[in-house]
Amino acid sequence: MNYENFFVPALLVAFPLISAICLNFIHGKDRAVKGFAFLSIIVVLLLPWITQYGVYWFGGHPTVENLEGTNIMLSKLNLAIVYNFGIIQKIFIALLALLASAAILVHFTERVSGVYTAMIMLGIASASAVIMADDVFNIFVFLEILTISQAALVIAVGSVRAYKTAIKYLILGGVAGSSILLGIAILLGRYGMLNVSDLHKVITVESQVGISHALIVACALIFIGWLFESGMVPFHIIKSDVYSKARPSVGAFMQTQTKFVLVALWVIILRLFYGISTFNALILGVSILSMVFGVIMALRQTEFTRLLAYVAVAQAGLVGVGLGIATEASVSASVFHAINDALAMAILFLSASIILQITKTMDLHKMGGLLWKSGLVPLWSMLGIFAVSCMPPFNTYQSEFRIISAASQAGYPELTVIIILTSIATFVALIKGFYSIYLKEGQDYLSAKEMDRTPYSDRTEYVMLLLLAICLAIGLFPQNILQYIQQFVSSIGVI
Amino acid sequence: MSLETLFQPMCFLTAAALVVVGLYAVIFMDNLLKKIIGVTLISDGVNLVLITGGFNKIVAIISPEMYEQGVKSTAFETLTEFPEFAAQAAFPLPSALVLTSIVISVSIFAIMLALAIRLYQHYNSMSCSVIFKEVDE
């Protein structure tokens, strides 16, 4: 059998989707679910590394003769679903697969729900599709599926608070999704096509005459969708709510999805609407607000997962700041920071997973005295805090330093001050959490001597260690990743 | 003005009305069920915009081969050239997109309704001011 054209990018979406359907069917059969989930995890982890690079046309029509004088866009235009797979897409999808696997594996000793693992698989498929897709409608479809899978993962917790969060998320997601679809309808009505590369060419030609009002309206509508999917102001509260109500290991996966979707959607929006002069200023404005509000809200939290959720929102804001500055250096640094921060935040979310297993609570007032009761977890957590707070030699230091340099070079010196202050406030918020969990005087549950009998998942600790090693490796050798990011940013062609 | 020329503007107006009513329900109505219906109204309005954008006098064509079959029927005997036929045909792409969009809307609607039932069972009320009384920061 010839395998040369077998591992195509579409498989990165199709396999998790098929796996999700199968897992749904075997829901309730614990051993079957565990076996199938384990096999799926192995395949999902391997797929990004063996998939061929390039552009894949999924269900494309053959080119037909040009139909001049008609509004039918059959000829020369590609009506296929197009997936673009390069090194950056590979890094994004591989990281998603890693954290999704962690979210499944850390609960492997318990009874595993088929629907829960199916929703994680659906999350990988939808985020991968958004990262790779080159047509706007495909992106809309998978963004909606992403919203459904995230809401389902929150529902899986099974509490009334989780249901309330999920329904709020779905209502807002429904409105934001419709907003994106209306933007797409305007683009389709005006240009008769959905492929981003084709739209980019047509809009570039049209922009030489002037920017049409239809384009501005489409931009505004799709921008609202971007705000929701990225968890930017004013959707930062619902996004942090979703992270904090889900299991902490799932929260690690979700915040990674959000950061990668933020970057992928921004690239699409930029390619379509780069001619609109206020577009980057708008991105920069909401990103600064998200960064500042996120960190201020994090400082006020008394629940550890909620604190982490707001820090994740603030860090997404920082990624947005680099994108909003829109120079080649700042965008490279931002994409780099999205990868780095996803890794670093995942360490802290996984530490929260261990703490929840031990204490059965996330309330910082009820916790304390875990320093000598939880093995080496406090050490890994402290290193994770250093990583999220952008301290050397960790990877986030490299990316944040580059964002600050780019902001300074682009003529935004005041922005550098805000970014540094945000980093300090992030560190303070996380240290507050660390103190309350590990250093504060022990609470009642410690004296009940339940601590010594409370096991926690070793696997979670191993994943934390692996993520720390990756953070450190990238921090020491940033150029190994950065060179590919710089190539990717240059290839966008409009920065 | 003929009904045919009014058809498209009326469809757009209906779509705008659906979106506005939906937004009103989502923002101002207290009943959770009405909010959920509001979301579906918005979605329906957008679908209507999409399908009206592709509307044209005669049925959609998807390939020159279909045209060959089409001209053999008496309905299109006046249209002798393919470009002439194509210029008057509906754009088939929005119809396909709307189908997908409807499927997604229905999925979201189903999950929202299931959640609303669970919340009703717990709070014995559909009022958002009751359900979301304890506000999380």
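In helix H7 of chain A, the buried residues are Val196(A), Asp198(A), Leu199(A), His200(A) and Ile203(A), as seen in this predicted model. H7(A) itself covers residues 196-207, twelve in number. From its first C-alpha to its last, the helix reaches 16 Å, close to the 16 Å expected at 1.5 Å a residue.

Two packed helices are described by the angle between their axes and the distance between the axes. For H3 (residues 87-105) and H4 (residues 114-132) of chain A, the axes come within 10 Å and cross at roughly 170 degrees. With angles over 145 degrees counted as roughly antiparallel, H3(A) and H4(A) are therefore roughly antiparallel to each other. On the H3(A) side, the contact is made by Gln89(A), Phe92(A), Ile93(A), Leu96(A), Ala97(A), Ala100(A), Ala103(A) and Ile104(A). H4(A) contributes Thr117(A), Ile120(A), Gly123(A), Ile124(A), Ala127(A), Ser128(A), Ile131(A) and Met132(A). The residues of this contact divide into twelve nonpolar and four polar, with no charged residue among them.

Of the 137 residues in chain B, 31% are buried. Among contacts in chain B between residues at least 6 apart in sequence, 68% join residues at least 24 apart.

How values were computed:
Residues numbered from 1 in each chain as written. Chains lettered and ligands numbered in written order. Predicted model: local features only at pLDDT ≥ 70, side-chain atom pairs only at ≥ 80, totals over all residues. Helix = DSSP H or I, 4+ residues; strand = E, 2+ residues; numbered from the N terminus. Expected span 1.5 Å × (residues − 1). Buried ≥ 20, exposed ≤ 12 C-beta atoms within 10 Å, placed from the backbone. Axes fitted to C-alpha atoms, helices over the stretch in contact; angles between N-to-C directions. Parallel < 35°, antiparallel > 145°, perpendicular 65-115°, else oblique. Contact = placed C-beta atoms within 7 Å. Nonpolar A, V, L, I, M, F, W, Y, C, P; charged D, E, K, R; others polar.
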